[in-house]
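Have the sequence and the 3D view ready as you read.

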Amino acid sequence: MSAPAGLTENRAYYDEFSKRYEAERRPNDASGYHALVDDLEIELCERYGRGRDVLEVGCGTGLILERVRRFARSAKGIDLSPGMLALARERGLDVCEGSATSLPFEEESFDVTCSFKVLAHVEDIGKALAEMSRVTRKGGVLLAEFYNPLSFRALAKVLGPAGKISDKTRESAVYTRFDAPWSLGKVLPPGTRVEAARGVRIVTPAAAFMRIPVLRDVLRKAETTLCDTPAAVFGGFYIAVVRKL
């Protein structure tokens, strides 16, 4: 049985992206934009996942999962791209190939199921969230990150040219959705509730601002201070902390 067309297209896109995915993320971005985003995601994951079993849906090359492994009891990852997974396996990570809408794990296998920068590229997001809930134990949490239309980041995506993932392909080649925080009830599965939220990239107008030394420090401080406040609703990346009841 062949994979759905959208899944095949996404796999090809990320296989191509894997060749330069880490170019701006390591090692020269230790205090820049991508580091800021990753740090805020990982810190939230550690809050709920320290000493517990964690699954990352859409683990990519393993940049986040590698750090999750340091505090979790177990850390597993899944991704649809063999190219991305090859780099994750070079890190010695426990990863497998698969789709967010059909997770190859038993029910209630994890305490924390997280997904960062991935769900926005899944057309059937409701099914992906239902699968994340299925493999999460009762009382556990889903950390589900959405692209927020009410943000500087969304405005930049609308007004600016799509970024390049290779010499021939731009980010516009992959399916992308934006889900407003107040609309999450329409896509979250039954038996779950949002109990908290974190906003990432609330006041940073563009990634380029994080390359300016003094301004970079000011923005990092502001983002860290505001991420768990009501200002989270303006985060370009909106992470819902979803409790499985």
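Which side chain does D53 meet in a salt bridge? The partner is R137, at 2.9 Å from N to O; a salt bridge here means a side-chain nitrogen of Lys or Arg within 4 Å of a carboxyl oxygen of Asp or Glu. This is a predicted model, where local features need pLDDT of at least 70, side-chain atom pairs count only at pLDDT 80 or more, and totals for chains, interfaces and linings use all residues. Residues are numbered from 1 along each chain as its sequence is written, and side-chain values use heavy atoms, with hydrogens and water left out.

**Salt bridges**
- The D53–R137 pair links strand β1 (residues 53-57) to strand β5 (residues 136-147), 84 residues apart; strands are DSSP runs of E, at least two residues, and helices are runs of H or I, at least four, numbered from the N terminus.
- D53 is buried at 11% relative accessible area, whereas R137 is partly exposed at 26% (buried is under 20%, exposed over 50%, partly exposed in between, with a 1.4 Å probe and protein chains only).
- E195 and R243 form a salt bridge with their closest N and O atoms 2.8 Å apart.
- That pair joins strand β6 (residues 192-200) to strand β7, 48 residues apart.
- A network of salt bridges links E43, R47, R198 and D228.
- The whole structure holds 19 salt bridges.

**The loop residue F234**
- F234 sits in the loop between α7 (213-226) and β7 (237-244).
- With 43% relative accessibility, F234 is partly exposed.
- Beyond residues up to four places away in sequence, F234 touches N148, L150, S151, R201 and I202 (contact means heavy atoms within 4.5 Å).
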